Every structure is written in structure tokens, then in C-alpha cells.
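Keep the sequence and the model side by side as you read.

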Amino acid sequence: MTDKTYNADLSRRHFFGKAAAAAGMAVAPGVFLRQVHARPADQAATSEQRWGILIDTDKCAKGCDSCVTACMDENGWGRADASEDKSGPHQKAQWIRKVTIKDKQTGHVQSLPLMCQHCENPPCVDVCPTGASMKRADGIVLVDKHICIGCRYCMMACPYKARSFVHEDLEDQKVVAPRGKGTVESCTMCVHRVDENGTPACVEACNADNHNAMYFGDLKDPNSEISRQLKQYGGKELRADLGLNTGVRYRGL
């Protein structure tokens, strides 16, 4: 497999340059934050960390879409962007979506959020002809909108259908999450927040609603909350058989 792991700081600075400065730090009472210092703007993302999210499906409330709404509001896609009124239902942006799965043998039904799984070995990066699909040293998978040619090979390669294509001109975009007609996009793990020691909007919203079904943190730090949760209770990858070593894990499946 081609190693296209990038020290992506230059690219990240290129199109997320204004993100860090604009990042908000509002956190609801009781929400856990990892106590570390913000990475200086001139310092590249490092492989000493790997950011991840753990989702407890037993705590994920059926009918709740707080994580989806928070992502829309934070990154300016979906209903937060009324300019996407020409896209069909299957063309709408989907940085994160709630899905329902059913065990055919037992009939047990579960609801869970699905987004980019931020794979260690991302197939989207392997197939990208321009290098627009990239993985930072800290494991966050992104799309550089400046060199994305909209071929959508990455969308076909993603086994989680976690990417979407922008079909039309957009208005009122968020400074922290620039989007563009003719390009592919997906969950950024709220990289603008992460680089300021913040928490992804989806995780923050889940905790604010007291569901506490999502944990964010450094998978390489044994003392981080996500690592402690995984060590004590475990967690699974979706399609672990593909050997992608995802940064998003699920408990309760």
C-alpha cells in the first residue's frame, strides 16, 4: 500500500489557515477536555499523537441527532447552508449521519453516528491522483480543496460512504471549514478545534446533552480518557476485516 502519509501541516495551513484563530472554546459544564497546551501555529502535527473518537452505541439515543446538528452548525453544511437547495436527497453533504443497524438473527436494533473513520491506512488517500486526500501525522484525514479535482475516486474507495461531493455554488461558508463547488468533503474531526486543544463539535454536543456516548482524545496517550475507556471496556472497528486501523471505534456492537 502506498504510503501517502503527509506531514500535512503545510497543506493544513494553506486551507485551514484561518481556522485556528477563529476556533471557539465554549464547552458545556461537565464536558471533559484533555488538559494539554495548544500546538504553536508554526509547529507541524506530530505522529506522537493519534486523535480518535470512541462511540458507545449503548448510550447513543435513538432519534437523537445532536452530533449531526452540531457538525452542521460548526462546519456550515446541510441545513445550515440553504444554498444547497438544488442537490437531490442523495447528493446532500453528509459529514456525519445517524444510521440504524439491525442484527438479522436477533432483531436487535442499534443507532449510531457514522462519519470518516480516519483510517491509518486510508483507501481514499491511496486512490487520489492529486494528493488532495491526505492524512496528517496525527491521523486526521483531510481533503485539500485547492488541489481536489472532483474525480470522486475517493468516494468510491471509502467503504463507509463517508464522503460527499459539492454540486453547486455555496454561500455563507464558515471560515473554519472552507468548502467549494466541484470538490469532495468529509468529517475533519473539527481539526480547527483539535489544533487549539478543543473537542470536535459532535462530541461536545453529545456530552452537553448528557448522553456521554462519545469520547475524543489521543489514542497514543495511555492516560487519555479514550485510551482508558478502550482498555477497560474495549472497542471495535467497523469493517475490521479491511485492516484499515480506524481512528473511530465503537463500543456495544
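Four bridges join strand S1 to strand S9, and the two run parallel. Two strands pair if DSSP finds at least two bridges between them. Helices (H or I, at least four residues) and strands (E, at least two) are DSSP runs, numbered from the N terminus. This is a predicted model, in which local features need pLDDT of at least 70 and side-chain atom pairs count only at pLDDT 80 or more, while totals for chains, interfaces and linings use all residues. Residues are numbered from 1 along each chain as its sequence is written, and side-chain values use heavy atoms, with hydrogens and water left out.

Look along the S1 and S9 pair. Leu54 stands opposite Arg249 in S9. Ile53 stands opposite Val248 in S9. Now widen the view. Three strands form an open sheet in the order S8-S1-S9, with mixed pairing. S8 and S9 stand at the edges and have a single partner strand each, so one side of each lacks a neighbour in the sheet. On average, neighbouring strands of this sheet are turned by 20° against each other, direction ignored. Helix H7 (residues 201-208) packs on the sheet and touches S1 and S8. The direction of H7 makes about 135° with that of S8. Here axes are lines fitted to C-alpha atoms, for helices over the stretch in contact, and angles run from 0 to 180 degrees between N-to-C directions.

Buried means under 20% relative accessible area, exposed over 50%, and partly exposed in between (1.4 Å probe, protein chains only). In a regular strand the side chains alternate between the two faces of the sheet.

Helix H8 (residues 225-233) comes next. Its buried residues are Glu225, Ile226, Ser227 and Gln229. Their cover includes strand S1 (51-56), strand S8 (214-218) and strand S9 (248-251). After H8 comes Gly234, whose phi is positive, near 80°.

Return to Ile53. Contact means heavy atoms within 4.5 Å. Leaving aside neighbours within four places in sequence, Ile53 is in contact with residues including Met189, Cys202, Met214, Phe216, Ile226 and Val248. Ile53 is also among the residues with the most contacts inside the largest nonpolar core, together with Trp77, Ile96, Met115, Met214 and Tyr250. That core has 50 residues. Its largest share, four residues, comes from helix H3 (residues 66-75). A nonpolar core is a set of buried Ala, Val, Leu, Ile, Met, Phe, Trp, Tyr and Cys residues joined through side-chain atoms within 4.5 Å.

Now turn to a second pair of strands. Strand S2 (residues 96-102) and strand S3 (residues 109-115) pair in the antiparallel sense over seven bridges. They form a hairpin with six residues between them. Gly107 in the turn has a positive phi of about 85°. Lys98 stands opposite Pro113 in S3. Which side chain makes a polar contact with the side chain of Lys98? That of Ser111 does, at 3.3 Å. A polar contact is a pair of N or O atoms within 3.5 Å; within protein, one must be able to donate a hydrogen and the other to accept it, and residues adjacent in sequence count only if both atoms are side-chain atoms. Ser111 is found in strand S3 and is buried, with a relative accessible area of 8%. Beyond its neighbours within four places in sequence, Ser111 is in contact with Thr57, Cys60, Lys62, Lys98, Val99 and Thr100.

What about the cysteines? A search of the whole structure finds zero disulfides, a disulfide being a pair of cysteine sulfur atoms within 2.5 Å. For Cys158, the nearest cysteine sulfur is that of Cys124, 6.6 Å away. Cys158 counts as buried at 14% relative accessibility. For Cys206, the nearest cysteine sulfur is that of Cys64, 6.7 Å away. Cys206 is buried too, at 8%.

Finally, the whole chain. It has eight helices and nine strands. Of its 253 residues, 52% count as buried. Residues 24 or more positions apart account for 67% of the contacts in the chain with a separation of 6 or more.
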